[in-house]
Structure formats: C-alpha cells, structure tokens
Amino acid sequence: MTATAVSGSERGTAEVPAIRLRGLTKTFGDTVAVDGVDLDIRRGEFFSMLGPSGSGKTTVLRLIAGFELPTSGTIELEGRDVSGSAPFERDVNTVFQDYALFPHMSLVDNVAYGLRVRGMGKTERRERAAAALERVQLGQFLGRKPSQLSGGQRQRVALARALVVEPKVLLLDEPLGALDLKLRQRMQIELKELQRSLGITFIFVTHDQEEALTMSDRIGVFNNGRLEQIGTAHEIYERPTGSFVANFVGTSNVFGPDAAAAIYGRAGAFSIRPERMRVRWNAGVPGVGGAADGAAEGASQGTTSVPGTVSSLVYVGHATQVHVRLDSGPGVVVLTGDQLPGTEAELLGRRVAVAWADRDAVWLPDAATTTSR
Amino acid sequence: MTATAVSGSERGTAEVPAIRLRGLTKTFGDTVAVDGVDLDIRRGEFFSMLGPSGSGKTTVLRLIAGFELPTSGTIELEGRDVSGSAPFERDVNTVFQDYALFPHMSLVDNVAYGLRVRGMGKTERRERAAAALERVQLGQFLGRKPSQLSGGQRQRVALARALVVEPKVLLLDEPLGALDLKLRQRMQIELKELQRSLGITFIFVTHDQEEALTMSDRIGVFNNGRLEQIGTAHEIYERPTGSFVANFVGTSNVFGPDAAAAIYGRAGAFSIRPERMRVRWNAGVPGVGGAADGAAEGASQGTTSVPGTVSSLVYVGHATQVHVRLDSGPGVVVLTGDQLPGTEAELLGRRVAVAWADRDAVWLPDAATTTSR
Amino acid sequence: MRLSRSAKTVLGVITGLVLFFIYAPLLLVVVNSFNADRTFGWPPSGFTLEWWGRAFDSTGVREALATSLWVAVVSTVLSLVLGTLLSMALQRYRFFGREVVNLLVILPIALPGIVTGIALNNMFTTILGVPLSLWTVIVAHATFCMVTVFNNAIARLRRMSPGLEEASADLGAGVFTTFRLVTFPQLRSALLAGGLLAFALSFDEIIVTTFTIGAGETTLPIWILQNLFRPNQAPVVNVVAVVLILVSILPIWLAQRLSADSVGVGAASGRAAAKAAKKG
Amino acid sequence: TTQGGGEAPEATEKTEIGAGEGQLSVLAWPGYVEDGSNDPDVDWVTPFEEETGCQVSFKPFGTSDEAVTLMRTGQYDVVSASGDASLRLIAGGDVEPVNTDLLTNYPDVYPFLKDKAWNTVDGQNYGMPHGWGANLLMYRTDKVDPAPTSWSAVFDDAADYSGKVTAYDSPIYIADAALYLMKHQPDLGITNPYALDETQLAAAVDLLKKQREHVGEYWSDVVKEVQSFTSGSTVVGTTWQVGANIAQAGGAAVETVLPEEGATGWSDTWMVGAESPNKNCAYLWLDYIASPEANAAVAEYFGESPANPKACDLTKDKNHCETFHSGDEAYAEQIWYWTTPVEQCVDGRTDVKCTDYSAWTKAWTEIKG
Amino acid sequence: MATQIQHPSGSPAGRPGGSARTGVPPLEHRRVSALLHRNSWLRLAGLVTAPAGWLVLVYIAALAALLITAFWTVDTFTGKVSTEWTLENIVAVTTDPVYQIITLRTLWIAVAVTLIDLVIALPIAFFIAKVASARWQKLLVVAVLMPLWASYLVKAYAWRNVLAEGGLLEWLGAPIGLQTPGYSQTAVILTLSYIWLPFMILPIHAGFDRVPDSLLEASGDLGAKPWTTLRLVMLPILVPSIIAGTIFTFSLSLGDYITAQIVGGTTQMLGTVVYANVGAANNLPFAAAVSLIPIVIITIYLFVVRRTGALNNL
Ligand SMILES: Nc1ncnc2c1ncn2[C@@H]1O[C@H](COP(=O)(O)OP(=O)(O)OP(=O)(O)O)[C@@H](O)[C@H]1O
Ligand SMILES: Nc1ncnc2c1ncn2[C@@H]1O[C@H](COP(=O)(O)OP(=O)(O)OP(=O)(O)O)[C@@H](O)[C@H]1O
Ligand SMILES: [Mg+2]
Ligand SMILES: [Mg+2]
C-alpha cells in the first residue's frame, strides 16, 4: 500500500495539491486510529474515503478540519502547513454526519453563521444565506428551525452552511448515512452536481461502497488506520491490489493460493467478480458437457470452467445470485441477469459448471501479507 | 389494491393463518396511520413489510404486538381474536428497532427475562438463555452488559431474547437498520437461516427493498397506511400493480399514458426495469440503423426500440447505469453489465437507441388512480 | 406500557390524595391569613382582612423582601457563573481530581445546613475576621446554590452534541464566540431552570442565613422566623406565605416550559436526537 | 477578682455625652426595638432617630445564650442583656462600665433594680435597668382542677396532666427545678437556685428528667406556648405574664399564679459594647430607652414591668403596671432573677465549686434526651 | 443557477485557484482563541479555577477549620476558645449515651422521612411520567413544584396548626377516629416528609421520564405484567434517581432543628444539639464535635452511592 499511497501523492506534485498529508498518525491511548497516511488530493477533486467501521476515516477528516491535532505527521492546505492550527484558522469546512445544525437558530441564521463570525453585516449575510438556501431548494423555509425539517432537508442546510463561506475544501462525513435509500440516491446526484458546478474539493467519507463508486473521482480505501489503495472507481473495483479491497468493495469470489495453483498452476490468490462469472446450467447433464474432476477444465479462448453444485438461489430483483459450491473447494457467487432455466426447487443441488474469462481473474499481489496482518 | 389484499388473504383460508388482520385501522388524532388493512400471514412464513417512511409499517406491527389498540378492525392470532388483549397475553414477540435491551441486566439475564416472568427457576432459565446466546454466537459474553456490545451484537441479543420464549410469531422492526452494509448482509443470512430452522413466522419491517426482496417469502408494500400490493419478491418486482410499487421497489422507467400511446398506441402507463433495456450504441450512426422519428420503431420478434441521447454514465461497479434522454420525452436509465464501447467523454451526448422486449413492459393498471391519490 | 383502566384509576386516586396531602396545609395557610383568631384555632373563629391590610402596610416585610430578593439574585448570578464553568470543565475534561471536585460541589447541599452555617460562620468571624453582612450570606448561598446550576447545566451539556461547537469552530468562530453564539443559547433554558431552583433555595434559606447574616440585616425567612411566634405578626406571616405561593406560579411555569429535563416537547426532541445518534 | 470569677477589665469611664456618631447597632430581645416596620403604631425608634440623628440597625436574639454569642462578635453598640447573659458579657470584656451619672433617667429607676448582682460588679455599674418580669405558672382553668398554687403541678404532680405539661426550653430552666427543691428538699442545702454544686445539680436534673416524661412540649417562644394552651395541647406550665395576656385576649380559659415557692424571672439591663465605635449614640440610647415614654411603650408592647415608675402613667392600658406588679417590691422580692451560674458559687459558698453554665447546658441536653 | 448566484463573474472553474472570492471576509486571527484551542489544559484551568477555588477556599477550608475546632475547648464563662488539642469533645460525643440516643433518633427520623417520601413519590411520579397525558403532566409537575416556594417555616408552622389538639387533622380525622400524634417525634417525621416531598418526587419523575417506553413495551412483550415490569425493569433503572431523591430528604432531615422546634414537642435532634451549643452555649468546639456525626454519616452515604451515578441526578 505504501507504494500506492506514494503513487497517489506523486500525481499531485505538479500543482500544489488542495490537501497534502504526510505520515499522518493519530493515536488515542493504545489505539492507533490513523497510521502513517500519505495522501495528496487535487484541487476540485471529489475524493471518497471508503472503509469499514473504525478504520480511521472520520479521524482523518477531523485531523484535516483541525478538531484533533496529529500525533505525528503534517497536514498542508494549498501548500500551507496547518498541522497545529485551530479549526477556525483553516479554510476548510465540514458537513457533519449528524449535520450539527444549531437547534436554536433558524435556517437562515444557521447558514449565515459563518459570515456572522467573520463580521459581515446583518443584511448582507442574510441575503447570502437566503441565496445559499435557495440553491439547495430550501428558499421557502428560511425562518424554520432545524427540528422542523426532515433528514434530507437538514442535510441540505448543513451543506449550504458549509458552502456559504466558500471553503477551499469541503469535508463530508457520511452525510447520507442517515437517509433512506431513495432519498440517498437523490442526494447523491444533487451533491455530485453541486460539486461539479462549484469546483470545490470534496472529501467524502462513506462506508457504502456503491456510493463511493458512483460519485468519486478517486477513492481511498482505509483499513486499520492505513490507506490500502487509492484509485479511481474502476481501478479499485476492477484491479484491487489486495484481498481486503477485493472483498470490501463489491462482492468477490476470492480463490486462495491452493485453489489458484490447482486451476492455473500458479502461486498467489486471485479474485473474480460474481457478474463476471457464468453458470453453465447443463454442465452436469451427461452427454452435454462432462464434468471434469479436479482442476482447470478450460475451454478454448482463455475461458476457465470449474464444476460445482448449486447450493442456493437468491433473487435480488434486477438479477439472481446463484451460490455454487465448487468441487475443488470454495463456494462462489455468480450474479446472473438471465432467466433461470427452471424453478428454484429444480435448480437447487444441480450439477453445473462456473465459467469465466481468464482476463477477468484479478491476481492479488498482497494476499499473503493481508492475511497475516 | 383491495383486490390484491383480499387475494392475499384468500390463500390463507385453507389453514388457520398465523396472523389475520381484517379492516385494521388506526388513527392518531387526524393522522390515519393504518387504513383498513386486510392481511393473512401463513404459519412459518417470512413476511416482509416494505414501504416508505411514515407509511404505517411500525404501527401495524405495534397493533399486532398489542402496544396499540386498533381504532377499528380485528387481529387474530392463530384463529383467536386478540384485538383487545395486552401484550403479555399474546404469543407474539418483538425485536425492537433500538433493541430495547434492559441496560441494568447482563446478557444472560436479558435473555432469561421472558422465562423469569413466566416463573421458570433460576438455573433452568439461565441454562436456556445461555443456549440461546450460544445459538447467536454470543456464548462467551454471558455476563456482559448491553452497553459493552456493538450494534450487531446487541441485535443478536434482542433476537435471542425474543426467541427464547418460543413465540408463534416474531415481529422485527427494521432490526438491521442501524448496521453497516457488510454486517447487515451477514445478519440477513443469519436471520433467514434461523427462521428456516425454527419454522417460526417472521414479520419483518424494512424500508430497504433489496433486503425485502432477498429475504422474504412474501412482501407487503405499504403506502399511506394501505397495503398497495402483496406478493412474492418476483411478483412485486416483475409485476407491480401500480406505479407506486414499480417506483418504490427497484428502479423503474415509467412511461406515462402519452408516451405509451405514442409507442404502443394504447392508453395506460407501463414500466420497464433498467436491466431489461439494452442500449444500441450504433443506432445514431448513419447507415448502421437509422434513428426513427416519433413513435414505435419496433424491430421484429416483439422488440421495441426508441431513439435518444446519452446524458450521463454512472459506474456502479458490477454494471454501468446509462442515462438516456429519449427524443419522445422521458429520460430512462439502462443498466448494462457489458463493456462500454468507448470512454465516458466519447459516449456522452451520443445518439443511441434504447430497446426492450415487449414482454418486459409491465402495464400498470392503476396509474391514473395512484397519481390522483 | 399499557395499564389496565383500574390500575390507572388507582394511580390517579393516589396522585389525587398526595396532591391533597400537599395542598391541605397550604390551604390552611390561606385560610389562616383570613382567620380572625390570632393563634389560628380550628375551625376559624371569624373572617378578617386585617392581616392582609397589615401585611401591605408593613415596611418590615417589604424591606425583608427586598433584602431577600437582592441576596437571591446576587447569589443566583454567582452560582450561575460558577456552576456553568464547573459543569463545562467536568463534562468536557477528564483530569486528576475530577471525581473529587464532583463530590465537592454536592457537599454543601448534602451536608446539613447547620453544619455549613457554623462552618462558614466560624470561617468568616474567627478565621478571616470578616464582619458578617449580606455579602457573607451571598457567599454562603452561592456555595450551596452552585450545585443546582451545575446539575442542570451538565445534564444539558451531556445531551448537547459536541459536534455543534466543532461546527462553530469549523465555520470560523473562536472559543468565546462559540460560547456566546452556540453553547450559551442552548444552555440557556437549563441555566434558567437551575437558576430558578437556586433562586428558590436562596430565597427560602433560613439556617445557613441565620449563621452568616450581619447585624441589622433581615431576609424574609429571618423576618418570618422572628415574627412567626409574635402575637400580632403570625397572621401577617401567613399572608406573606400566600403571596409568595401565588407569585411563584409564574417562574415555575416558565422553568417548566423551558426545561427540557422535564416532560413534554423538550424530552421528546431529546429522545429523537438520541435515536438519530444511534442510527449513525 | 469579681463576683463572677472572671476579670472585670479596667475601662476608662465616660465623662460626657458628645454628639451622636450617626449610627447605632442594637442587639435586643425581639419586641424591644420597634421602628414601626412591623406595626406602624408601634414605633419608638423613629423618635429616637429624629432626636439624636443616630440611625438604628437592629438584630434580635432568641435566647440569652444567643445574645452572648452575638455580642462577642463586637459588632453591636448596645445590648439588652438579661441577668443570665450580663455577667458573661462583663467577664468576657464584651461590655464596659457605664457612667450612670450621664443618664438623666437613671435616678428615676426603681431602686430595687439598681446595683444588683446582674448589673453591677465590684461596685461598677454596667448599664441601665430596663424592665423585669417573672416566670409564672399558667394553667387552663377548665382542665386543671383544683387550681394549682405550687410548682408541684409541673414537678411532683406532673403525671396528672401527662403529655400536657410545658416548660421553658433553656438550661436556665434548671433554676426553676432548683428553686422547687430549695423549698421542698431543704436538706439539699440549696440557698440560691443559680448556685448549685454537683449533687444539687444532679438532684435538679433528676427532677427534670422525671418531669420530661410528662412534658408535651418545651417552649422558647411565648406565642408558641400560648398557642398550645389555647388549643389544649398544653394545660399547665411555666409562662410569662405577656403570654397569659395574649391567651386571655384570645379567649382562652387560662390563669396565672405566682406559686408559693416564688419564681424565677428576668431583669434586663441595657449595656454598652466595649468595642463600640458609637459610644455617644449608645449613651443616648440608654438614656432614651429608660425615658418614661419609651419605657412605657416597650413594657406594654413586650409585656413586662417598666423600670421607670414614671412610665406607668403613660401606658395605654392604665392597669399595666398593676397587672405586672411593677412597683411591688414584695412581689419582686419573691423572684430569683436569672443569673449566670459560675464556678464560684453566687451564694457565697467557698467550700465547694459550683456547676457553671456549660455544665448546665450539657445537663439540659441530657434532660431533654 | 447556483453558479450564477455565487459567482456572478467568472466561471466556477476559476474558483479552485482561490482568486474569485466573492467578498466573504477572511478569517480573523484570534490569538487567545487559538492559544486556548491548542492548550486543553489552559482551557481546563480557565474553567475550573474559579469554581473549584471557590469551593475549596470558602467551603472546604471552613469545614476543615470546623473539624480542627472540634479538638479545641472553650472557656465557658468568658467564651474564649482555648486552642489546646484535646479529644475531650469527641470522646464526650461518641461515648455519652445521650448523644448516641440522639444520633439514633435523628437517623431514624431521617430514614423514616426518606422511606415515607419514597413510598409516596414512586406512584405519583410514575403517574405523572407514564400515565398522565402530556398536558396533565405539565400541570402536575407545576403542582408538585409550587409548594417549594411557600416558605419552609410557614409550612412547618402550618403543620403545627394541622397537628394541634383540635386542629385540622383531628377535625378531618374525627369521623374515622384519627387522633393527632401531638407535638412529637411522629409529628416531626410527618412534617419533614411533607416539606421534603417535592425533592423526592422531582428526581424520580425525571428518572421515570428517562426510561424509554420501548423497554417497558419489551418487558410486556416478553410476558411481564405491569407490576413485574415495574419491579424488574423500572425500579433498577430508577435507582440513581431514587438515591438522588434520598440524598435530599435524608440529609435535609438529618440536619434539621427548626421543624423539631416547631412541631417536635420535646424531640431533640442532632441539629438541636448543635444549635444549642453554638447558638446558645457559645461552645463552638463542642458543636463542631457533634456536627462531625452528620458529616461522617453523609460522607459515607455519598461515598457509597457515588458509583450508582446518583450524584448526577440531583
Ligand atoms: N476520541 C477517541 N478516543 C479514543 N478512541 C477513538 C477516538 N476517536 C476514534 N477512536 C478510535 O479510533 C479508531 C478509528 O475511528 P474512526 O472514528 O476514525 O473510524 P471510522 O472509520 O470513521 O469508523 P465509522 O465508519 O464507524 O465512522 C476506532 O478504533 C475508534 O475507536
Ligand atoms: N404515537 C403516534 N402519535 C401520532 N402519530 C403517530 C404515532 N405513531 C405513528 N404516527 C403517525 O402514523 C404514521 C405512520 O407511522 P409509522 O411509524 O407506522 O410509519 P413507518 O412506516 O413505520 O415509518 P418508518 O419507516 O419511518 O419507521 C406516520 O404519519 C406517523 O407520524
Ligand atoms: Mg466515522
Ligand atoms: Mg417504523
């Protein structure tokens, strides 16, 4: 990962990056929350931080915002070292997960707050706040209190409040976490459009991988306080550099070293996405395509096919997950959008073959390292 | 919907259903939270209630559990009318959304509580509670207090506590709502397996449609206190009886009466799932397949194809959403797992055709009614 | 929890009885303020408005009332400042001796008033050599009133999302601006509730006051104590008590409305916030 | 050495009353200092203030013991001390001798109140006599039959009205028991109820402990006591004349009697604080308070005998002095005025050590249990 | 639209360069704030110094001085304190049966008052918090609070009248043969219970109010009848609130002497003894020694209940 992280930062050296983290470390007592993170984020970039609970995403954000001071390492904002500055000395704003709207102020006062503490006059700041609320389609609620709004509306107020002071970087900590699916999807689109139109750098924390994939220019995947991988959605999804990323982002069928050796005769582990696999329903029917024992039963054109038994079927609406227990060991999931050739009862337990194109097998460089960690 | 609801109940008349609701209505002041719900739930069924926030799911559950008394209508538990009984007189248990674990009791005492109030001796009830905790993989935490557990662990304690008294029906109100994605997925599987092995009737409230689709035997979709549709995951997803259900469950491209008239020359509305559509990338390239003006430009074999322009591409990992603005009006989303024939920049704005098999168009009987409500 | 109708009725009846138990003696005070009998024989021997007239003419009452108000206001203000500072310190920081300070602030109210009274009296007169005055009373009152403010404020601070102050700093506000614009407005109703309780405690305090008040000064309770057993004054004391009860309705109602620690809207929104926090 | 066993500090006596200092802080029994704030008709402070320009601030005390404690703070210019407080104040150096020659009303005061043990030490006068009264026996005429004539009603015969007997709540009440023993158990050798050796005190304590079983309530507040008599919670016990007056005015069927054994009582003296910065105002007050007008007003309002016979003409109730036996020297003779018990017996005995007030205080706690 | 409002001139792409600011004033430099922000101990010191200093300098110093005084004696005639160290007072207080009896009596009164208030407060607090409708809740809380403002003395005095022979209590109770306990220990217990009752109801009410309804529902759901729910779920959770209430009733009763004076008849409490010694006998050292008893009792009590979290519920 260190290599990846550095490569991530190398990209940013041409221009002064919006954010530059170097060796950023934060410990709470014995817990190492953030562990030597190096990261450059370009101006105007939509950067997502993805990772399981407790992996240090929020802590990195709080370090950038200045709510925590780093144990070691530095934070640069547009080339200026702010490692020791207070939050109110940094040109960075945050949209908090729980929105942190001031409950005793009306919406317009909430949004005008940042201007007020900068000493802007009452009329002007209220005008600007009203305009900002207009922009997030809340122009008609100026006088309401936050408690009178729904979750999605509050989220937009928080956004307007952070944006009205025109920060260089906007930090968003799981801003959509508390919303329900439909609303979340709508807000994802709105957020993304806003970021595009304003050109502000967004650093977006989420543990929802689909959200990260759909919205980001680049994604940093956190694990245990470290950056496992940095890359575009494509890179992260299609070319995970380790089994942690392969498993965490989307569903993966990971084949361990033994299975890999048996199939490809090569050491190391590889993973294949469920949607890249096909089920050959008739593989088990005698005379149609005999089931092979053991290892690679590759058809021509770089396709590999492995026999197994259907263990369960899960209908997910737009597709069906077919769980197949391979004869050679691991259970795999295949996602198929096709019509199934029978009822669930008929298909369960059927002998099938699972096939994939060899180029869809992603070799994981660090499989061994990851497991040992 | 009434028709659907009754048909749902008709199925259960052969045997005595686990739960039978008739004309169940609950009003709070002016709010009609539940509005004449008729529903039969079979023994051993995994029944999900799906619906947007405020649609009355929780209220129905609370009516069944006995925390609220119905304004009108009846509730039968295995043929016995319990409409007026107290919660402790009903053989129904609830897993609360916030788990409602007793903070002052250890896990084992929490789980043993139901047995204790039934007068079971200390040794026996603790043994059973320990066994129940073992079953949810918390056997090593018997003496802990709930505050020392993570969200997922608490959820399992709540489950063990409800199951140890062997209820006939288990009610679960968004039990997985507070968990993160990975944990939620694991718990979905565990829950489903538990339900299968115990054979208890589960009534499961969620507003996550994917969760409902993957787990349930049948699903009831709520809207505004009414049951819009009852059916299996397949029925709900593939044959929505109204545009509300079509839109709420999964993403749907809904064509209004005008568009329908233009394409099929038939009044009414229809919907098509994004994954049932295909993009013909070369439809706009002269000489390959000319774009038609206006209406239905059906190729043979019952396929319809409509021209439009690509407005955006969203990579979602396992597939890509292609947003196409049709010349004839509505914007549609097409989900494609295929490799795209070019970079995002090249494809944006390209003239394409969107095609679908006519049998995949689902005609919505109540489109007019729904909009008017 | 759904209770049977009979259980609810029983509880309601008990509540009614308790309220009767609470109000009967107060009613007696009201009745006695019109009782012609100077020693309040029961049942009343006759009706008179004499005591009310006398109470309104009595400059002693008025002066004592003014003194009491002054003492209560100043010690409430002092305890507001001290209690707020302390609550913020204890809620936000873990430091050596925190538990001790937490216990310390409770001690003045938990120890009997007479102990506090003689300790402070001894402190002022023998050790410091400060002549007793209203200021010594105020110092004493502020000491034991601090805890009511402290408790209300810390309860509110615990519920207050720390995110709000961070949000304020994030938007560019310094430490003091944040307190003025964000923390204080949210504490306000808790401080009002705590302050009112402090005011009430100080206003009605008799024991500590007895030991710390200077010559020639009279607070209302002291005046009452001095006049309670005086033939012509005891009925006037009843009048004063009735007036106090009536006048107290306003601040109580206010405190009730503004305190989220009690029932109603505040509590409900508090629960909602807690729920939202859990979801996150 | 003084009679009290303490040192009477030498003090330079005042030779003239100068202009008032403009202020005066007064420590007194409730009811001795009224400025009209409690009752506009009861006001003798305002005339004083107008006359002398000395603004009066007033602090009342509940018992003699409290008076001593408060006076010790040195914050008061004058104090109305009963006999059980005065000696302690003198011994503690809290008050200073008074040049009675400067007080124009002093010559008028009843002679039997002058130069007494409680206001004069070593021939030095320490203040202006002010008023006196006796601790009488009160009973409900409708409940107590026959009418008592002896303190035995609250001691040996207290069982007759068990639970309805009252007694004064102060260690000085031990003297009442001693007085009773002096008459009924002469072999104890008590000659002065304020001079008790250990055995004599023990006997008094015993008597009071027996009485305790029948006491319904101890009183330190005369109105509280009147109330009990009025309601019937108490039917017999010690009282002040003023209490009887209030009770009778309230229609209660009560009567008082000076029992055959005699009685204890108080005689109050206005004294000047040793550290007083307002000596002129203090002297002006001492003189004023014993003036016929003021003395009459106080005596009537508080309910006691005035010290100045001229006051008797000025009371609103013309029978006041008669009711309170003001000039009745024979009556006054039967009263043992409150005096602080000290180690050096006040009855002149030198062979034994007497019990002092702190022993009485401890004994009193023990009696009440 | 957004872009237009925010950036009337220039393209949004110009923004990241930082040049196209639209007049948002720059952040001011706040030296003090920044200093405070960096040094958490400085913030803590700023907050804690005044109140903790006050408590220590005013109160703890006074208590310590009082404790020291307990080892001195007083010359009872002149009233001068002699600062020679002696255990005389402490020994007298601890060994003299009179003080042992008074201590036990006072403890009994305080415990009885506390129990009575507890028994009364539980149902009424429950009714207010969990049964009454929202509107009634407010009214009832006000109704409970209001007597707090009637003077303590007046209330005690009112009870004197209630308890008098032929007073209100007998007058009301005559039909059912109720007799007044007279001015006695029972009267003290009754009156103190009355006066401190609101101090018990309020924290318990707040405690009930904090128990989430879902816990009660869960209990009913698992088959517990309301009474069982109360016993097994509510009461244990209420413990801190109950203890908070008992701190008030117990300690306020423990130090009382005025009520004892007004309705106690012959009843002596610890407060009476302290008051008699300091207010009357001017024997501060002995009073200090006596006041050690309540100090020790309360301190032990506070120490025991500290861990229940009760002290946060006062
Ligand atoms: N103030 C703190 N004190 C002690 N430990 C902390 C503190 N803040 C965070 N941690 C610990 O640091 C680690 C990283 O926490 P962090 O909140 O950054 O994770 P996260 O990635 O944001 O997780 P989530 O997705 O749950 O929000 C966790 O182990 C957490 O327990
Ligand atoms: N106790 C109540 N008092 C008043 N209105 C209520 C009450 N409980 C529910 N409602 C109202 O009834 C309607 C249905 O609420 P319900 O909680 O059943 O919805 P839901 O489907 O569970 O929603 P969610 O997904 O947000 O949990 C809502 O409009 C709600 O505001
Ligand atoms: Mg986080
Ligand atoms: Mg719900």
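A: A polar contact is a pair of N or O atoms within 3.5 Å; within protein, one atom must be able to donate a hydrogen and the other to accept it, and residues adjacent in sequence count only if both atoms are side-chain atoms. The model is a predicted one, in which local features need pLDDT of at least 70 and side-chain atom pairs pLDDT 80 or more, while totals for chains, interfaces and linings use all residues; side-chain values use heavy atoms, without hydrogens or water. Residues are numbered from 1 along each chain as its sequence is written, with chains lettered from A and ligands numbered from 1 in the order in which they are written.

The shell around ligand 2 holds 13 residues, and the closest are B:Ser53, B:Gly54, B:Lys57, B:Thr58 and B:Thr59. A residue counts as near if one of its heavy atoms lies within 4 Å.

A backbone N or O atom of B:Gly56 is 2.9 Å from an oxygen atom of ligand 2, and a polar backbone atom of B:Ser55 is 3.1 Å from an oxygen atom of the ligand. B:Thr58 uses its side chain: an N or O atom there lies 2.5 Å from an oxygen atom of ligand 2. On its own, ligand 2 exposes 640 Å², and the protein buries 61% of that; these areas come from the Shrake-Rupley method with a 1.4 Å probe, and for residues only the protein chains shown count as cover.

H2(B) gives the most, with three residues. Helices (H or I, at least four residues) and strands (E, at least two) are DSSP runs numbered from the N terminus. Divided by class, the shell around ligand 2 has three nonpolar, eight polar and two charged residues. Here Ala, Val, Leu, Ile, Met, Phe, Trp, Tyr, Cys and Pro are nonpolar, Asp, Glu, Lys and Arg are charged, and the others, Gly among them, are polar.

Ligand 1 can be read beside this. Around ligand 1 there are 13 residues, and A:Ser53, A:Gly54, A:Lys57, A:Thr58 and A:Thr59 come nearest. A polar side-chain atom of A:Lys57 is 2.9 Å from an oxygen atom of ligand 1. For A:Thr58, a polar side-chain atom is 2.5 Å from an oxygen atom of ligand 1. The side chain of A:Thr59 has an N or O atom 2.5 Å from an oxygen atom of ligand 1. Ligand 1 has 630 Å² of accessible area on its own, and the protein covers 61% of it.

In chain A, strand S2 (31–41) and helix H2 (57–65) each supply at least two residues of the shell around ligand 1. H2(A) brings the largest share, three residues. The classes in the shell around ligand 1 are three nonpolar, eight polar and two charged residues.

Last, the chains themselves. Contact here means heavy atoms within 4.5 Å. Chain B, which supplies the residues closest to ligand 2, has no contact with chain D, and their closest C-alpha atoms lie 45 Å apart. Chain A and chain D do not touch, with 48 Å between their nearest C-alpha atoms.
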